[in-house]
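Subject: A structure for you to explore

Hello,

Here is the structure I promised to pass on. Please open it beside this email and follow along as you read.

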Amino acid sequence: MKKNIDLEMASIAQRRSFLRIAAGAGAAALGAGLLAACGGGGDDEATSSSREDAQTRIVNGCRSKAAAVVDTAGTPLGYIDFINDGVNASVLIFSADNTNCKLRNIKLWLGTDLATLPRDGAGMPDYAAFPVQQVVSGDVVEREALIPLASLGLSSAALSCAAPAPKVYLVGQVTTSCANGTVRGYDSPSSTASFNFARFDLCCADTLPPVVLAGCETAFAKGGYVFTTDAKSNPEGLPTLGLTRNRWGWGINLVAPSITTHRIYAGAGLNQASAGKLVGLLTVDYTGSQATVTYTMAPGAVMTEAHLYVGDRRPTTIAPGQFGNTQSFATPATTHTFTVPVSDSNGDGVWLIAHAVVCGRN
């Protein structure tokens, strides 16, 4: 028999205390990092104010991610606020119109593979078979679901910051007193799927581990694009920027305003992150008009140089000195922030490459 997971009402005060949340903690805090590309779900057509509303929680330096609840025309009816610790994923659903539109029915599925999503005979989501089911009555405008990560088959080892980034998919149907909607993340409109969903990268469940470097190495923040055209240097089968045949490194593409965090790896030849060293985190706060990009090193690592490309157009070079934003540190640094004006004028998002020269701390 299918086991339902009840939703608990959550006041603003309660949601800010979830999972030891520290209000005002920085998104780039080193206490724990986000896994790569934490903007994998979020900010669907949200305005700046609604984005902030839908990203209200911070746990151990990890900022929650947003998705939208949209009607059949794509108009937001509400928002999803998603965050996790090492035990549970918290999904907070709230109405975009707190005055008129009240929550009525919520049906959610969270999983690591869309192939396991319950579907009907036409291949569409079978919302009635989803494990999270709640009928809401009264003037309720927000609800929270706590979903055990163990129910997804995720172990504590899988959530370690030393492990590859686990992705989860959220599919949901939310009925309000105004209209019906489905959950959609900012990247799902470009998906080949015939239904809406949001994709999130889970936060690390532990602290960013110390790193030991014998000397200095080149490092790049991991994104969803590779520089290379050769298959042997693209083990994940990522889309390529076509900039070189085999030199390793990644580009980041943000298709909507979002706050994302990406792992910084040193020595990851042939783009094999597992063969490199996790030396820090890159947090990107893209508002639509500027990107604030912060490098934070892991314990035991420092930067002597940082080079950043941020642009409306795809990058055309892998030479760090030509990225346009350069900082050399007379005293090796553990953190640095660039703030760069940028906006998306051609509809393909904004592009970043983040490079650093990283050394062992003496």
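Strands here are DSSP runs of E with at least two residues, numbered from the N terminus. Before going on, please note that this is a predicted model, in which local features need pLDDT of at least 70 and side-chain atom pairs count only at pLDDT 80 or more, while totals for chains, interfaces and linings use all residues. Residues are numbered from 1 along each chain as its sequence is written, and side-chain values use heavy atoms, with hydrogens and water left out.

Is V70 buried or exposed? V70 counts as buried because its relative accessibility is 1%; buried means under 20% relative accessible area, exposed means over 50%, and partly exposed lies in between (1.4 Å probe, protein chains only). V70 and A179 are 109 residues apart in sequence, and their C-alpha atoms are 9.4 Å apart in space.

Next, the interior. A nonpolar core is a set of buried Ala, Val, Leu, Ile, Met, Phe, Trp, Tyr and Cys residues joined through side-chain atoms within 4.5 Å. The largest one has 53 residues, and W250, L282, Y295, L308, L352 and V358 touch the most other members. Strand β23 (residues 350-360) gives the most to this core, namely seven residues. Another core, of 28 residues, lies apart from it and includes I93, I106, V136 and A198. In soluble globular proteins, nonpolar side chains tend to be buried together.

Now look at strand β18 (residues 277-286), where eight of the ten residues are buried. Two strands pair if DSSP finds at least two bridges between them. Strand β17 (residues 258-266) runs antiparallel to β18, with nine bridges joining them, and S258 stands opposite Y286. β18 also pairs in the antiparallel sense with strand β19 (residues 290-297), over seven bridges; here Y286 stands opposite A291. β18 and β19 form a hairpin with three residues between them, and G288 in the turn has a positive phi of about 110°.

Finally, the loop between β17 and β18 holds L270 and N271. Most residues other than glycine have a negative phi. Yet L270 has a positive phi near 55°, and N271 has a positive phi of about 60°. L270 is partly exposed, because its relative accessible area is 33%, whereas N271 is buried at 2%.

Enjoy exploring!

Best wishes

Technical notes
Helices (H or I, at least four residues) and strands (E, at least two) are DSSP runs, numbered from the N terminus.
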